[in-house]
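Dear colleague,

Please find below the structure that I am handing over to you. My notes on what was found in it follow directly after.

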Amino acid sequence: MDSLGALPIFIQAAETRSFTAAGQQLGLSASAVGKAIARLEGRLGVRLFHRSTRTITLTQEGHLFLARCRRILGEVAAAEQELADTHATPSGRLRVSLPMVGMLLMPAVNAFIRTYPEIEPDLDFTDRLVDVIGEGFDVVLRTGDAADSRLMTRVVGTFHHRLVASPIYLERHGTPIEPADLVHHVCLRHRYPTTGKLEAWPLRQDRPAGAIEPPATVIASALEPLISMAEAGLGIVSLPDFVLHEHLRTGHLVPVLSDHTAHSGVFRLLWPSSPYLPPKLRVFIEFMTANLFPSK
């Protein structure tokens, strides 16, 4: 414990390069600072400073020790803050980036807002790859893998894409039996608004003659209009299953080509790596993990 108490004195002396200046910052005399450093060097068995009549400079061992000391005191400060936060009410602005399909996940977000009224969500809806740290986001919800080592991550759910249509449409136009039949059907396609590319349909590509590309009879840059058109009997659409539970339960939409589709993905939360989580971020991660996807 004596060694731990000497660490702030050592750090201050290293940063100011002066026992006198360090003492003024800490409310100690220059003599007290010098003695504390001497006792620390004695315990360690190494010299931490080169001393002259006018200045002090770190030795090579001192530089190594300084980096470690900063990490140690940073961990202590984080532990103290984390304990203090356990008694604090989660509150404050929470910047969250959600994909464009985030509107279809809003029931969980709405429930979170009702549960934690002291938290002020700032929701950004975009499909572009945001810079979580550079743009100042507290947390991001995205599909796919996490590639940034500066970020922590937690998987909050898995999903599959399914082809669906309304019974009315299938009664009028017939039910496709294999992917090649789609060329004779009205296909409702989703275009990514940020790239302008059509979202691929999750068809098993096992035809020797080449891959099937469904026609883009109707195109929309958001999923909600495509769902509405499919329910109105206007065509076949590819949708993630987490938006389909109620539509399939009521029979407003039914699966098509289930034996010929194969695609799965994950939703994950990503946030900047830190020794501790602020209460507002901790409860958001826990709540979304538990509530984002309804039970199947």
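**Salt bridges**

Arg 189 and Glu 213 form a salt bridge in which the closest N and O atoms are 3.1 Å apart; the term requires a side-chain nitrogen of Lys or Arg within 4 Å of a carboxyl oxygen of Asp or Glu. Because Arg 189 lies in strand β7 and Glu 213 in the loop between β7 and β8 (218-220), the pair ties together parts that are 24 residues apart in sequence. Arg 189 is buried, with a relative accessible area of 1%, whereas Glu 213 counts as exposed at 52%. Here buried means under 20% relative accessible area, exposed means over 50%, and partly exposed lies in between (1.4 Å probe, protein chains only).

Please note that this is a predicted model: local features need pLDDT of at least 70, side-chain atom pairs count only at pLDDT 80 or more, and totals for chains, interfaces and linings use all residues. Residues are numbered from 1 along each chain as its sequence is written, and side-chain values use heavy atoms, with hydrogens and water left out.

Seven salt bridges were found in a search of the whole structure. Among them is the one between Arg 51 and Glu 41, whose closest N and O atoms are 2.9 Å apart. Arg 51 belongs to strand β1 (residues 49-51) and Glu 41 to helix α3 (residues 30-44), so this pair ties together parts that are 10 residues apart in sequence. Arg 51 is partly exposed at 37% relative accessible area, while Glu 41 is buried at 9%.

Another salt bridge joins the side chains of Arg 95 and Asp 122, at 3.8 Å from N to O. The pair links distant parts of the chain, with Arg 95 in strand β3 (residues 92-98) and Asp 122 in strand β4 (residues 119-125), 27 residues apart. Arg 95 is partly exposed at 26% relative accessibility, and Asp 122 is partly exposed at 33%.

**Strand β9 and its partners**

Strand β9 (residues 236-240) is mostly covered, as five of its five residues are buried. Ile 236, Ser 238 and Pro 240 are on one side, Val 237 and Leu 239 on the other. β9 pairs with strand β6 (residues 151-165) in the antiparallel sense over four bridges; two strands pair if DSSP finds at least two bridges between them. Within β9, Leu 239 has Arg 162 opposite. Strand β7 (residues 187-190) runs parallel to β9, and two bridges join them. Leu 188 stands opposite Val 237 of β9.

**Helices and surface**

Helix α9 (residues 279-291) has 13 residues and reaches 18 Å from its first C-alpha to its last, close to the expected 18 Å; the expected span is 1.5 Å times one less than the number of residues. Its buried residues include Leu 281, Phe 284 and Met 288.

Leu 4, Ile 72 and Val 76 form a nonpolar surface patch with about 200 Å² of accessible area together. Patches are made of residues with over 30% relative accessible area and no salt bridge, like charges being joined within 9 Å and nonpolar side chains (Val, Leu, Ile, Met, Phe, Trp, Tyr) within 5 Å. Accessible areas come from the Shrake-Rupley method with a 1.4 Å probe; for residues, only the protein chains shown count as cover. Leu 4 lies in helix α1 (residues 2-16).

**The chain overall**

The protein chain has nine helices and 11 strands; helices (H or I, at least four residues) and strands (E, at least two) are DSSP runs, numbered from the N terminus. Buried residues make up 38% of its 296 residues.

With kind regards
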